[in-house]
Amino acid sequence: MREVIVAVLLGLGVATVALSCAGVLLMRDALDRLHFTAPASTLAPVLFAAAVLVEEPLSAASLKSVLVALIVIVTTPVLTHATARAARVRACDGWKVLPDELEGVEEPRR
């Protein structure tokens, strides 16, 4: 029974990463691609760590897998933000406000 649970968890993790990769390949814009990296960087590590925990509960391998999953989950938002900011700077030739972003924005009152 344990092998079936491990196989299902690993299969779900691999499917999550495969679907995320397909989304990254199919999207045209860099910011749209970043959205598809989220499942691969949050759900998949949890599934893989859970599979290791089911296979080897309370071992060094299970502790390391949980630690790696936590590190990936914690650092992913920072890396995604930095990547989005770099894409924005590259697209705008520096950090400028685009004209379409000014629509509906009022001048600040002094």
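**Entry 1: helices α1 and α2**

I began with helix α1 (residues 2-26) and α2, whose axes come within 8 Å and cross at roughly 165°. That makes α1 roughly antiparallel to α2, a label for angles over 145 degrees. I took axes as lines fitted to C-alpha atoms, for helices over the stretch in contact, with angles from 0 to 180 degrees between N-to-C directions. The crossing of α1 and α2 is left-handed, meaning that the near helix is turned anticlockwise from the far one by less than a right angle.

**Entry 2: what I am looking at**

The model is predicted, so I noted its limits: local features need pLDDT of at least 70, side-chain atom pairs count only at pLDDT 80 or more, and totals for chains, interfaces and linings use all residues. Residues are numbered from 1 along each chain as its sequence is written, and side-chain values use heavy atoms, with hydrogens and water left out.

I found three helices and zero strands in the protein chain, running α-α-α from the N terminus. Helices (H or I, at least four residues) and strands (E, at least two) are DSSP runs, numbered from the N terminus. Of the 110 residues in the protein chain, 16% are buried; buried is under 20% relative accessible area, exposed over 50%, partly exposed in between (1.4 Å probe, protein chains only). I also looked at contacts (heavy atoms within 4.5 Å). Among those between residues at least 6 apart in sequence, 55% join residues at least 24 apart.

**Entry 3: Ser20**

Is Ser20 buried or exposed? Ser20 lies in helix α1, and at 5% relative accessibility it counts as buried. Leaving out residues up to four places away in sequence, I see Ser20 touching Phe36, Pro39 and Ala40.

**Entry 4: helix α2**

I checked the length of α2: at 1.5 Å a residue its 26 residues should span 38 Å, and its end C-alpha atoms are 38 Å apart, which agrees. The expected span is 1.5 Å times one less than the number of residues. There is a kink of about 30° at Ala44 in α2, shortly before the proline Pro45. The bend is the angle between axes fitted to the seven residues ending at a residue and the seven starting there. Ala44 and Pro45 are among the buried residues of α2, which also include Leu34, Ser41 and Leu47. Their cover includes α1 and α3.

**Entry 5: α2 against α3**

The axes of α2 and α3 come within 8 Å and cross at roughly 175°. That makes α2 roughly antiparallel to α3. Residues of α2 that meet α3 include Leu34, Ser41, Pro45 and Ala49, and those on the α3 side include Ser62, Ser65, Ala69 and Thr76.

Which residues of α3 are buried? I list Ser62, Ser65, Ala69 and Thr76. The cover over the buried residues of α3 includes α2 (30-55).

**Entry 6: shape of α3 and the residues around it**

For helix α3 (residues 60-91), the 32 residues should span 46 Å at 1.5 Å a residue; the end C-alpha atoms are 45 Å apart, which agrees. I noted a kink of about 35° at Thr75 in α3, shortly before the proline Pro77. Just after α3, Asp93 takes a positive phi of about 55°.

Leu58 sits in the loop between α2 and α3. Leu58 is not a glycine, yet has a positive phi of about 55°. With a relative accessible area of 86%, Leu58 is exposed.

Key. Parallel < 35°, antiparallel > 145°, perpendicular 65-115°, else oblique.
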